[in-house]
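I opened the notebook to log what I looked up, entry by entry.

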Amino acid sequence: MIAIQTDNLTKKYKDKYAVNALNLSVKQGELFALLGVNGAGKTTTIKMLSCLVKPTSGDAQVFGNSIISNSIKVKELTNVSPQETAVAPNLTVRENLEFIARIYGADKNVATEKANASIASFGLSKIADDRAKILSGGWQRRLSIAMALISEPQLLFLDEPTLGLDVLARRELWGVINGLKGKVTMILTTHYLEEAVSLSDRIGIMANGELKEVGTADELMDKKGAKNFEDAFIAIAGEGVATV
Amino acid sequence: MKTVAFASRNSKEIIRDRINLAFGIGFPVVLLLLLTAIQKNVPVELFVIDQLIPGIAVFGLSFIALFSGTLIAKDRASSLMARLFASPLTARDFIFGYTLPLLPMAIIQVAVCYAVAGLLGLRMTPNILLAMIVAIPSAILFIAIGLLCGSLFNDKQVGGVCGALLTNLSAWLSGTWFDLELVGGTFKRIANLLPFSHAVNAGRAALAGNYHQVLPHLWWVIGYAVITLAVAIIVFTRKMSSDNQ
């Protein structure tokens, strides 16, 4: 089944295309990494697919629902782990989880059950009754992803989920994300190329608002005759920049 | 359900901020105690309790604008807002979620002020209940001002606009600290064009049992509350879209 199908998805700010005629297909259960240098159009693409920003033209179907004409249904099926940690600072870990479960439609009892399950599966028991604002960056990020998953989304957007985390915390999160593969369709944006290679099924590289190449890490390296993925990425995303 | 969940989160965020509680309830009460103590030591009628308390109640409500404005501005600056905008919450959920929890807080704040006034000698009559009901449009006005400021400014600017400017405006132009008739002129005309003195006078009339004088003042407050709330909703809804562009 196709999870995401975009049709000439475009976002234009005045005369500049942030995303230009994006045509992309992502299968259900796939972890698709979207790479590109700053300003390539990754975050704008995620914002359009998660119904935060309306496209200038084109459309996208998320599990068959248009992001323009059926955005509420799309929002019910998706969840987002934003670039920065997105938690309610004065709520406890448990309250944060229950809060998100409830705004996605769970009643109080179901929200409590879901929060308990989430606390157990994300190893949050020790800090369950601590307020989010006193947690370390790594714990906050873990909570942020747990909040994104508590609504049991069919599609999860992970916008630079490991940005600013230390190596150990990053590896822990990789473990969490790997555990979700096959169960949840994920769109991952990251600047860490090894993260994309390690976690994703397929990689799309964007530059200047356009999707330049799509394939597995090996396919992209073969295509560019590159020895490693970084060289392949530079050849695709940084054309003209690498030779300066 | 979604609105209730969001409103509940907002209540907790506000209540768990101790500075909010100190200013929201503590400061008006301290002011009430201080001015009553001054009144006991001066030979003229400056701060008579039944004239003072409706003004203190309105002054205290101005902090509600600060609470709501700060919460909204902080949320807008955080990634949490992106998460909430990407959720099935609608514009209506956001507006009710931000405004509804503040109404009971405002009523509790007014009740605490009147209870302390009772301890300081205010005669306990059923009119106190009416005076508290009369304060509700003022509460809605200040909540709307908070929604508007939180939509337009960052949290530091909200602190300046609501915490300094609004609290001073509502204090000086309300006739709480001095009789506007004594100042007269342009000052009085400006004060009468704004809702604060009307809010205080409606409370004073209710407390004194001069029921026929309540509504003429209260209409001013209701008018300002309705217009400000409408503008705040429009601005907030527009900012919801533009913040994510």
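Is B:Phe187 buried, partly exposed or exposed? I looked it up: B:Phe187 is partly exposed, at a relative accessible area of 29%. I keep in mind that this is a predicted model.

**Entry: aromatic pairs**

I counted ring pairs over all chains and got 13 aromatic pairs. I then picked B:Phe94 and B:Phe236. Their ring centres are 6.2 Å apart and the planes stand at 50 degrees, so I logged the pair as tilted. The cut-offs matter here, because under 30 degrees would be stacked and over 60 edge-to-face.

Next I took B:Phe178 and B:Phe187. Their centres are 5.9 Å apart with planes at 45 degrees, so this pair is tilted. B:Phe178 has a relative accessible area of 26%, which I noted as partly exposed. B:Phe187, at 29%, is partly exposed as well.

I also looked for a cluster. One aromatic cluster is formed by A:Phe99, B:Phe6, B:Phe85, B:Phe94, B:Tyr98 and B:Phe236.

I noted one charge over a ring. The charged end of A:Arg170 sits over the ring of A:Tyr192, 3.7 Å from the ring centre.

**Entry: the contact between the chains**

How many residues does each chain bring to the contact? I found 34 residues from chain A and 22 residues from chain B. The area buried between chain A and chain B is about 2,500 Å². Carbon and sulfur atoms give 58% of that area. On the chain A side, I looked for the residues that lose the most area to chain B. They are A:Leu52, A:Arg102 and A:Ile103, together 25% of what that side buries.

I found A:Ser50 in the loop between α1 (42-49) and β5 (57-62) of chain A. Its relative accessibility is 0%, so A:Ser50 counts as buried. Leaving out residues up to four places away in sequence, A:Ser50 touches A:Lys75, A:Val80, A:Phe157 and B:Ala86.

**Entry: helices**

I started with helix α5 (residues 137-149) of chain A. Its 13 residues should span 18 Å at 1.5 Å a residue, and the end C-alpha atoms are 19 Å apart, which agrees. Why do I call α5(A) largely enclosed? Because 10 of its 13 residues are buried. Among them are A:Arg141, A:Arg142, A:Leu143 and A:Ile145. I then asked what covers them. The cover includes β7 (78-81), α3 (93-103), α4 (108-121), β8 (155-159) and α6 (167-180) of chain A, and also α4 (79-85) of chain B.

Helix α8 (residues 136-152) of chain B came next. This helix has 17 residues and reaches 24 Å from first C-alpha to last, close to the 24 Å expected. In α8(B), 14 of the 17 residues are buried, so I logged the helix as largely enclosed by the rest of the structure.

I closed the helices with α7 (residues 127-134) of chain B. The buried residues there are B:Asn127, B:Ile128, B:Ala131 and B:Val134. They cover an arc of only 115 degrees around the axis, which puts them on the same side of α7(B). The general rule I recalled: an α-helix has 3.6 residues a turn, so residues three or four places apart point the same way.

**Entry: A:Leu31**

I placed A:Leu31 in strand β4 (residues 31-35) of chain A. A:Leu31 is buried, at a relative accessible area of 0%. I checked one distance: A:Leu31 and A:Gly182 are 7.9 Å apart, C-alpha to C-alpha, and 151 residues apart in sequence. Contacts of A:Leu31, beyond four places in sequence, include A:Ile177, A:Met186, A:Leu188 and A:Leu199.

**Entry: positive phi**

A:Asn8 has phi near 50 degrees. A:Asn8 lies in strand β1 (residues 2-13) of chain A and is partly exposed, at 37% relative accessible area. A:Lys14 has a positive phi of about 55 degrees. I found A:Lys14 in the loop between β1 and β2 (16-22) of chain A. At 80% relative accessibility, A:Lys14 counts as exposed.

Definitions and conventions
Residues are numbered from 1 along each chain as its sequence is written. Chains are lettered from A and ligands numbered from 1 in the order in which they are written. This is a predicted model: local features need pLDDT of at least 70, side-chain atom pairs count only at pLDDT 80 or more; totals for chains, interfaces and linings use all residues. Side-chain values use heavy atoms; hydrogens and water are left out. Helices (H or I, at least four residues) and strands (E, at least two) are DSSP runs, numbered from the N terminus. Buried means under 20% relative accessible area, exposed over 50%, partly exposed in between (1.4 Å probe, protein chains only). Contact means heavy atoms within 4.5 Å. The expected span of a helix is 1.5 Å times one less than its number of residues. The arc is that of the directions from the helix axis to the C-beta atoms. Rings of Phe, Tyr and Trp (its six-membered ring) pair if their centres lie within 6.5 Å; planes under 30 degrees apart count as stacked, over 60 as edge-to-face and the rest as tilted. A charge sits over a ring if NZ of Lys or CZ of Arg is within 6 Å of the ring centre and within 35 degrees of the ring normal. Buried area is the accessible area (1.4 Å probe) that two parts lose on being put together, summed over both.
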